[in-house]
Amino acid sequence: MPNKAVLTLRDVEKRYDNGTEAVRGVSFDVREGEIFGILGPNGAGKTTTLEMIETLNSITAGSITLFGVDVAEQPQEIKKLIGVQPQAPGFQDRTKLREVLEMFAAAYGTLADPVRSLEEVGLADKVNSYVEELSGGQRQRFSIAVALVHDPRILFMDEPTTGLDPQARRNLWELVETVRKRGVTVIMTTHYMDEAHVLCDRIAIMDEGKIIALDTPKNLIQQLLGRGFKKEQHVEQANLEDVFIDLTGKELRE
Ligand code: ADP
């Protein structure tokens with residue numbers, strides 16, 4: 001039996017003040033412990049949908065509940081339940097990792113344990129480093145540590161691996177799996193189909209404010225093939241990413 005739903009959207013709509021109908025009647029459930037992906041071209045309404053769930057954007061119509069709590073009615077309760085991966089470049093430079101974690105924990109009224117938080121994302125030795133000294137991959141991992149500082153039950157990530165090298169990308173996939181194993185439900189957007197295929201248990205595909213497909217990656221592919229889709233077969237034993245990883249190793253550099 002599938003796990004129970006922790007997030008429920010019913011007929012959710014968003015119309016901005018300028019009349020743009022960014023989300024046009026979206027309904028779906030996310031189950032406990034899932035890694036759930038939202039895919040779609042730019043302008044599809046992904047960010048607007050996430051922001052409504054995260055209480056950062058008002059809901060024009062429909063309802064969103066998280067662990068049974070109504071998002072529109074009890075936004076303060078929702079904030080305790082969710083972790084939102086902040087865009088790492090937004091952290092103030094000249095601030096130590098330890099200090100950033102302490103500031104975020106204080107904002108939630110909890111105490112930080114910076115070494116433990118950083119151990120979980122493989123950055124324990126950086127506790128006294130400055131944010132500006134981190135590489136792109138390290139910043140992404142650090143921003144996950146920040147999002148988890150108050151032990152949320154759902155983690156939201158918006159395009160977490162954009163701009164990372166292949167090693168850092170694979171390392172981040174492992175980290176997302178580790179976070180899920182701790183019992184945290186993960187909701188993410190990505191433009192990388194390989195990433196969605198490897199990581200996501202289920203995927204919602206959005207276009208023009210609507211969900212046009214929602215299933216496991218395997219079932220989505222089966223459905224396409226069932227519609228008679230065919231493409232020329234080129235079975236290659238390796239691809240350029242395999243060459244890159246073979247030559248430069250799987251080890252994370254920084
Ligand atoms: P995605 O994340 O899939 O790229 P968005 O949710 O950012 O899509 O945008 C959906 C639509 O809403 C787009 O047409 C975008 O231009 C519009 N939009 C986003 N934010 C605003 C805003 N603050 N005011 C007006 N229109 C907006």
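How many nonpolar, polar and charged residues does the lining of the second largest pocket have? The structure examined here is a predicted model, in which local features need pLDDT of at least 70 and side-chain atom pairs count only at pLDDT 80 or more, whereas totals for chains, interfaces and linings use all residues. Residues are numbered from 1 along each chain as its sequence is written, and side-chain values use heavy atoms, with hydrogens and water left out.

The chain comprises nine helices and ten strands, these being DSSP runs numbered from the N terminus (helices, H or I, at least four residues; strands, E, at least two). Its radius of gyration is 19 Å, which agrees with the value near 18 Å that a compact globule of 254 residues would have; the radius is taken over C-alpha atoms, and the globule rule is 2.2 Å times the number of residues to the power 0.38. Along its principal axes, the C-alpha trace spans about 55 × 55 × 40 Å.

To return to the opening question, the second largest pocket is lined by eight nonpolar, two polar and two charged residues, where Ala, Val, Leu, Ile, Met, Phe, Trp, Tyr, Cys and Pro count as nonpolar, Asp, Glu, Lys and Arg as charged, and the others, Gly among them, as polar. This pocket has a volume of about 200 Å³, and its lining includes Glu 54, Lys 79, Phe 104, Tyr 108 and His 150. Strand β6 (82–84) and helix α5 (136–147) each supply at least two lining residues, and the largest share, three residues, comes from β6. A pocket is defined on a 1 Å grid over the protein atoms alone as an open set of points with protein on both sides within 12 Å along at least five of seven lines, a cavity is a set of points where a 1.4 Å probe fits but cannot get out, and lining residues have an atom within 4 Å of a point. Grid points are joined across faces, edges and corners, and a volume is the space filled by probe spheres set on the points.

The largest pocket has a volume of about 530 Å³ and is lined by 19 residues, of which His 197, Pro 217, Leu 220, Ile 221 and Leu 224 lie nearest its centre. Its lining draws at least two residues from each of α7 (193–199), β9 (202–207) and α8 (217–226), with the largest share, six residues, contributed by α8. By class, this lining divides into twelve nonpolar, three polar and four charged residues.

A search of the whole structure finds one cavity of 30 Å³ or more, and the largest cavity has a volume of about 40 Å³. Arg 116, Ser 117, Glu 120, Ala 145, Leu 148, Val 149, Asp 151 and Arg 182 form its lining, of which the largest share, three residues, belongs to helix α4 (residues 114–120). Three of the lining residues are nonpolar, one is polar and four are charged.

Helix α6 (residues 166–181) and helix α9 (residues 240–248) have axes that come within 10 Å and cross at roughly 95°, which makes α6 roughly perpendicular to α9. Axes are lines fitted to C-alpha atoms, for helices over the stretch in contact, and angles run from 0 to 180 degrees between N-to-C directions; those under 35 degrees count as roughly parallel, over 145 as roughly antiparallel, 65 to 115 as roughly perpendicular and the rest as oblique. In this contact (heavy atoms within 4.5 Å), Pro 166, Gln 167, Arg 169 and Arg 170 of α6 meet Glu 241, Phe 244, Ile 245 and Thr 248 of α9.

Asp 11, although not a glycine, has a positive phi of about 50° and is placed in strand β1 (residues 5–15). Thr 55, also a residue other than glycine, has a positive phi near 70° and lies in the loop between α1 (46–53) and β4 (61–66).
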